[in-house]
Amino acid sequence: MSGLSNAITAKARAMLAEGLTASDYATMLQKKSVGEIAAYLQNHTLYKDSLEGINAKAIHRGQLEVLIRTSATNRFAKLIRYADDNAKQVGHNMVMPMEIDLILMKIRSLSDQENEVIRQNMISSLPLYISKYTSFSLKDLADSSSFAEILEITKNTLYFDVLKQYRQASLEEIDYISLEHGLRARYYDACLDTIDKYANNYAKEKMRELVLTNIELENFEIIYRLKKYFSVPKEGIKRMLSNHSCYFSMKDLYNMIENDTPEQMLTKLKNSRYKQFIKNEKFIYIEHFTHQIIFNMNLHFMRMYNEPNLALQAYVILAGTELVNVINVIEGVRYQIPQDRIKSMLIY
């Protein structure tokens, strides 16, 4: 590995060590307003540059969230600066989930009677700080006024082959669940293809493991939630799954759909190879449980392995989790949600 590549691992670990701690979250939960949280973060190593010069007493929640997201993106940019071309290819995968969310948001807005209001809200909340890493123009997407224009904007992206399947349908007839499933599947395929093409053999196995466990646990969430809360036919559940697995086989997942209660599924998950990444915490809801596993896995891989592509991939996941935590704290304090409830949502 080159010196620059080694710098990614060292820098990622250093930034991880500077991240928010349980003590930081506890202190933030004691704050009485968004402004007080902003003032606290202004003095924190990772956030002070992005929040420098703001008037903490006057800052709006939305403004603070944008600045915090910008801070996370700036850290990503610092890591990419040390990367070789292969690592940069891997790095683009990190923004694909955001691209998918924006595409879906835009398509839904086109079929809404309040189209213009939604479009303006979308423009005002665009993550322009990430635009130089995206595969299409975010501004052009926000300004588009038809599905045909969205197809034109995304024609040179990985999403086009999925989106074009819906061009003959009216906006009201689009199956958004199927569309989202197709885009997510394309994202996961792209992640695995990129790892196979650009990651070296030392990192490839572990990077694939992180991606595949993410897919598998997302499949697990879908099965668990649909069985517990909805009356979805078994074949309908199977059609919603991504066709990748890691510690369980697809046959195992189909067997859960056919035979297991949600509680039995949870027992199998706790007794599987994931158990080393499960803390002895009270089960709150399935997404929190699986996201805690993913967080612990990425933390373990970050600490145990020195490969820069793996460090980049793991750090982005860990930084994204911290970002969600901070936003949950901000929202909780703003709406005066009980501290215990907010704390139960945090992953660290």
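# Aromatic cluster, core and helices

Modeller: In this predicted model, Tyr 224, Phe 283 and Phe 289 form one aromatic cluster.

Biologist: How many aromatic pairs does the structure hold?

Modeller: The structure holds 8 aromatic pairs. One of them joins Tyr 224 and Phe 283, whose ring centres are 6.1 Å apart with the planes at 55°, so this pair is tilted.

Biologist: Which parts of the chain does that pair link?

Modeller: The pair connects distant parts of the chain, since Tyr 224 is in helix α13 while Phe 283 is in the loop between α16 (262-270) and α17 (286-304), and 59 residues separate them.

Biologist: And Tyr 224, buried or exposed?

Modeller: Tyr 224 is buried, because its relative accessible area is 4%, and the cut-off for buried is under 20%. Phe 283, at 24% relative accessibility, counts as partly exposed.

Biologist: Staying with α13, where is Asn 219 found, and what does Asn 219 touch?

Modeller: Asn 219 is found in helix α13, which covers residues 201-229, and Asn 219 is buried, with a relative accessible area of 0%. Not counting residues up to four places away in sequence, Asn 219 touches Leu 241, Ser 242, His 244 and Leu 253. With Ser 242 there is also a polar approach, in which a polar atom of the Asn 219 side chain lies 2.9 Å from the backbone oxygen of Ser 242.

Biologist: Changing topic, which charged end sits over the ring of Tyr 47?

Modeller: That is the charged end of Arg 75, 5.2 Å from the centre of the Tyr 47 ring. Elsewhere, Lys 238 lies over the face of Tyr 254, at 5.4 Å from the ring centre.

Biologist: What about the largest nonpolar core, how many residues has it?

Modeller: The largest nonpolar core has 106 residues, and those with the most contacts inside it include Leu 41, Ile 107, Leu 163 and Val 329. Helix α18 (residues 308-334) gives the largest share of this core, with 13 residues. In soluble globular proteins, nonpolar side chains tend to be buried together.

Biologist: Which residues is Ile 107 in contact with?

Modeller: Leaving aside neighbours within four places in sequence, Ile 107 is in contact with Phe 147, Ile 150, Leu 163, Leu 171, Ile 174, Tyr 176 and Leu 179. Ile 107 is also among the buried residues of α7, which include Met 96, Leu 104 and Leu 110.

Biologist: What should the 15 residues of α7 span?

Modeller: At 1.5 Å a residue, helix α7 (residues 96-110) should span 21 Å, and its end C-alpha atoms are 22 Å apart, which agrees.

Note on methods. Residues are numbered from 1 along each chain as its sequence is written. This is a predicted model: local features need pLDDT of at least 70, side-chain atom pairs count only at pLDDT 80 or more; totals for chains, interfaces and linings use all residues. Side-chain values use heavy atoms; hydrogens and water are left out. Helices (H or I, at least four residues) and strands (E, at least two) are DSSP runs, numbered from the N terminus. Buried means under 20% relative accessible area, exposed over 50%, partly exposed in between (1.4 Å probe, protein chains only). A polar contact is a pair of N or O atoms within 3.5 Å; within protein, one must be able to donate a hydrogen and the other to accept it, and residues adjacent in sequence count only if both atoms are side-chain atoms. Contact means heavy atoms within 4.5 Å. Rings of Phe, Tyr and Trp (its six-membered ring) pair if their centres lie within 6.5 Å; planes under 30 degrees apart count as stacked, over 60 as edge-to-face and the rest as tilted. A charge sits over a ring if NZ of Lys or CZ of Arg is within 6 Å of the ring centre and within 35 degrees of the ring normal. A nonpolar core is a set of buried Ala, Val, Leu, Ile, Met, Phe, Trp, Tyr and Cys residues joined through side-chain atoms within 4.5 Å. The expected span of a helix is 1.5 Å times one less than its number of residues.
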